[in-house]
Amino acid sequence: MIDEKQISELVRNVLNGLGGAAPEVTSAPAAAVESGRRQLGVFDTMEEALEAVSKAYAMFRNYNKEQRENIISEIRKLTHAEAEILGRLGVEDTKMGNAYHKMLKHHLVADKTPGTEDLETRALSGDRGLTLIEQAPHGIIGAITPSTNPSETIICNSIGMLAAGNGVVFNPHPHAKVISRYAVDLVNRAVLAAGGPENIVCTVANPTMETSNKMVGSPLVKMLVATGGPGVVKMLLSSGKKAIGAGAGNPPVVVDDTADIAKAGKDIIDGCTFDNNLPCIAEKEVFVMRNVADELIHYMVKNGSYLLKGEMIDKLVQTVLVDVPPKNPGDKPKKVINKDWVGRDAKKILAAIGIEAKDDIRCIICETEFSHPFVQTELMMPILPIVRCETFDDCVEMAVKAEHGNRHSAHLHSKNVDHMTKYAKAICTTIFVKNAPSYAGIGFNSEGHTTFTIAGPTGEGLTSARTFTRQRRCVLVDSLSIV
Ligand code: NAD
């Protein structure tokens, strides 16, 4: 086991080392998974998982803050120690993303997800006594997690939810079940190491829509948290229970002519290619003022981008998007992403359209019109469309439309403070990053805590332990002072 000093050093090193092509990660995750041991907290049925977590919660509800913090400290240690395995296994299981970047994401979760210190009690005292407003647990939370950041979300949610005194049952994405089981087992190993109850975090071995419905409908589950696309958020919000929805984004980047263009070119490519564009906060389309567009493209190419032109752009559209037939006669066919290409390496995507790119290529860029499906669709691939605009106001107008009202994330490269204010007010997103890669928005190489559940639709913002609490008022009246 590595000690805390080694952990801080490791985190500093990995955070400073980000940018440019990702190094290879070489541990052997399969060995860690195939040890033959029953994975802790993993059950065949949702009924068994719910029964186990409710038994564990009967004990856990009596744990004080110090005991919960000890558990969280163990989760942090184990996540740091196994970040490399989690990164490799995540890619192996989902066939998406980049193992090195996934490893960094786990270090980030272990280091910057708030624990019990996030909980605050307010006290009101006066002539008539004392009133406390406490943040109490909901009980058992049902959480749905995505395929894009599967174990990152499970570990991050577990830290916040346990810090707040809850138990959790996860229904992970079916395409990420191996890595999700590993993450639930890891959290349980940490809980046991700190003397906590087994199964306070549970899941099912084979999650399906049916297990999800059972979880949502169970009277044992008092709160629901959805991290994923629009379908799952809508489903949870119509459940009739207290629910938090962390939904889809399509984050636009605006670049004006006051920006440091060389830095903007590098920052945008670093952010866009992080974990092959899987994070919901990652740059998805660029609106740049015409007078600096060529320079921006030059620096993007210098930082590992392949500039695609002409009919090759159409060929790429045919490969990574698929047509959905119109629902009503007269409607245009809609294009949606071909899931086979989500989170894939830029080089592999280029190879599919017959282009053999050099090893340092990590992004595909192309100039398009505003209406192009690459601009309008949340691709989650290292493909970045660029739209030239006449004025800053044009950039903002298009960015707002391309964000589709998700109120998720938006980014800007500019040194003009008035531009910052104007764009921020117009787009009104939960995350707004200026002059940095998008991952600065979740505390990566920036100030502020991290989360992998960004609740735009329901307004909690970057979730943390306090998000998973309910307010409780505790009143003591000093009868002697009442006259
Ligand atoms: P997804 O929506 O396909 O799946 C998420 C989870 O919901 C899975 O467990 C899936 O099985 C389940 N699910 C989907 N539709 C459902 C329904 N109707 N009823 C019940 N369960 C349902 O998401 P994904 O492809 O894994 O992740 C990518 C999406 O999630 C992107 O749109 C991304 O922007 C978004 N996302 C948002 C955040 C955030 O914090 N806001 C974080 C990560 C991902």
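The following legends describe close-up views of a predicted model.

Residues are numbered from 1 along each chain as its sequence is written, and side-chain values use heavy atoms, with hydrogens and water left out. As the model is predicted, local features need pLDDT of at least 70 and side-chain atom pairs count only at pLDDT 80 or more, while totals for chains, interfaces and linings use all residues.

**View 1. Crossing of helix 16 and helix 17.** Helix 16 (residues 392-402) and helix 17 (residues 417-427) have axes that come within 10 Å and cross at roughly 25°. Helix 16 is therefore roughly parallel to helix 17 (angles under 35 degrees count as roughly parallel). Their crossing is right-handed. Phe392, Asp393, Val396, Ala399 and Val400 of helix 16 meet His419, Lys422, Tyr423, Ala426 and Ile427 of helix 17 (contact means heavy atoms within 4.5 Å). Of the residues in this contact, seven are nonpolar, one is polar and two are charged.

**View 2. Nonpolar cores.** The largest nonpolar core comprises 79 residues, and Ile155, Leu162 and Val169 have the most contacts inside it (core residues are buried and joined through side-chain atoms within 4.5 Å). Beyond its neighbours within four places in sequence, Ile155 contacts residues including Ile75, Leu86, His106 and Val187. Another core, of 36 residues, lies apart from the largest one; among its members are Ala264, Val292, Met300 and Val396.

View 3. Ala164 lies in the loop between helix 7 (150-163) and strand 5 (167-171). Ala164 is buried, with a relative accessible area of 1% (buried means under 20% relative accessible area, with a 1.4 Å probe and protein chains only). Ala164 and Ser464 are 300 residues apart in sequence, yet 9.0 Å apart in space, C-alpha to C-alpha. Not counting residues up to four places away in sequence, Ala164 touches Arg68, Leu119, Ala136, Pro137, Ala465, Phe468 and Thr469.

How values were computed. Axes fitted to C-alpha atoms, helices over the stretch in contact; angles between N-to-C directions. Helix = DSSP H or I, 4+ residues; strand = E, 2+ residues; numbered from the N terminus. Parallel < 35°, antiparallel > 145°, perpendicular 65-115°, else oblique. Left-handed = near helix turned anticlockwise from the far one by under 90°. Nonpolar A, V, L, I, M, F, W, Y, C, P; charged D, E, K, R; others polar. Buried < 20%, exposed > 50% of the residue type's maximum accessible area, 1.4 Å probe, protein only.
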